[in-house]
Amino acid sequence: SSTASLLNTDLISAPRWGGNLWARYNVPQGVLRSVGLGFGTTYVGERFGGDATRINGYPLIPGYLRYDASFYYKWRQYSFSLSAKNVLDTKYMQTISNSLQAYPGYPRNLTLTVDYHF
């Protein structure tokens, strides 16, 4: 940064620690051969939000752990997937831009996707 007060400071909304883990299993044979299941987790550590040049410093945004799951099915030329994000409906703050702009994380939501392969 060309601003001297920002040198060696933490970036806004950038955690020092974070990670994702996702696993998917497709049934290889038998009656459920076209079925797949997925499960994942996302961890975001605590981070600073707001404006780095404020006199009274940064607000601290707590970290969170979120779980996601999916169900997959393939039939002929169609692929179906049902995804659930934030399965446990964890309440968390996505980011804080300043004292007037705070953005919460998404609540539990489901997404159904249908693909046709030709």
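Modeller: Quick ground rule first: two strands pair if DSSP finds at least two bridges between them. Also, keep in mind that this is a predicted model.

Biologist: Fine by me. Which residue in β5 does V44 stand opposite?

Modeller: Start with the strands: β2 covers residues 35-44 and is joined to β5 by ten bridges, with the two running antiparallel. β5 itself spans residues 64-75. The residue standing opposite V44 in β5 is Y64.

Biologist: Let's zoom out. How many strands does the secondary structure of the protein come to?

Modeller: There are zero helices to count. Reading from the N terminus, the elements go β-β-β-β-β-β-β-β-β. So by the DSSP runs, the number of strands is nine.

Biologist: And what share of the contacts in the protein with a separation of 6 or more comes from residues 24 or more positions apart?

Modeller: Contact here means heavy atoms within 4.5 Å. Of the contacts with a separation of 6 or more, the part made by residues 24 or more positions apart is 52%.

Biologist: Back to β5. How many bridges join β5 to β6?

Modeller: β6 takes in residues 78-85. β5 and β6 run antiparallel, and the number of bridges joining them is seven.

Biologist: Which residue takes a positive phi in the hairpin of β5 and β6?

Modeller: That hairpin has two residues between the strands. The phi in question is near 50 degrees, and the residue is R76.

Biologist: S70 next. Is S70 buried or exposed?

Modeller: S70 sits in strand β5, and its neighbours beyond four places in sequence are W22, G36, L37, G38, L82 and S83. Its relative accessibility is 9%. The cut-off for buried is under 20%, so S70 counts as buried.

Biologist: With which residue does the side chain of S70 make a polar contact?

Modeller: Look among the residues that S70 touches, including L82 and S83. The polar contact runs side chain to side chain at 3.2 Å, and the partner is S83.

Biologist: Charges now. Which residue forms a salt bridge with D68?

Modeller: Side chains of opposite charge can pair when their charged atoms come close. D68 is buried at 9% relative accessible area, and R66 is buried as well, at 17%. The closest N and O atoms of the bridge are 2.9 Å apart, and the partner of D68 is R66.

Biologist: What is the N to O distance in the salt bridge where the side chains of K91 and D89 meet?

Modeller: The count of salt bridges comes to two. In this one, K91 is exposed, with 68% relative accessible area, whereas D89 is partly exposed at 23%. The limit for a salt bridge is 4 Å, and the N to O distance between K91 and D89 is 3.1 Å.

Biologist: How far apart in space are K85 and D68, C-alpha to C-alpha?

Modeller: K85 belongs to β6 and is partly exposed, at 46% relative accessible area. Beyond its sequence neighbours, K85 touches Y67, D68, P107, R108 and N109. K85 and D68 are 17 residues apart in sequence, yet their C-alpha separation is 4.5 Å.

Biologist: Let's do the surface. Where does the largest share of the nonpolar patch come from?

Modeller: The patch includes L37, F71, Y78 and L112, and its residues have about 1200 Å² of accessible area together. Y78, a β6 residue, is partly exposed at 31%. At least two patch residues come from each of β5, β6 and β9. The largest share is four residues, and they come from β9.

Biologist: Last one. What distance separates the C-alpha atoms of Q101 and G50?

Modeller: Q101 lies in β8, residues 101-104, and is partly exposed at 36%. Setting aside neighbours within four places, Q101 is in contact with T95 and I96. Q101 and G50 are 51 residues apart along the chain, and their C-alpha atoms are separated by 8.7 Å.

Notes: Residues are numbered from 1 along each chain as its sequence is written. This is a predicted model: local features need pLDDT of at least 70, side-chain atom pairs count only at pLDDT 80 or more; totals for chains, interfaces and linings use all residues. Side-chain values use heavy atoms; hydrogens and water are left out. Buried means under 20% relative accessible area, exposed over 50%, partly exposed in between (1.4 Å probe, protein chains only). A polar contact is a pair of N or O atoms within 3.5 Å; within protein, one must be able to donate a hydrogen and the other to accept it, and residues adjacent in sequence count only if both atoms are side-chain atoms. Patches are made of residues with over 30% relative accessible area and no salt bridge: like charges are joined within 9 Å, nonpolar side chains (Val, Leu, Ile, Met, Phe, Trp, Tyr) within 5 Å. Accessible areas come from the Shrake-Rupley method with a 1.4 Å probe; for residues, only the protein chains shown count as cover.
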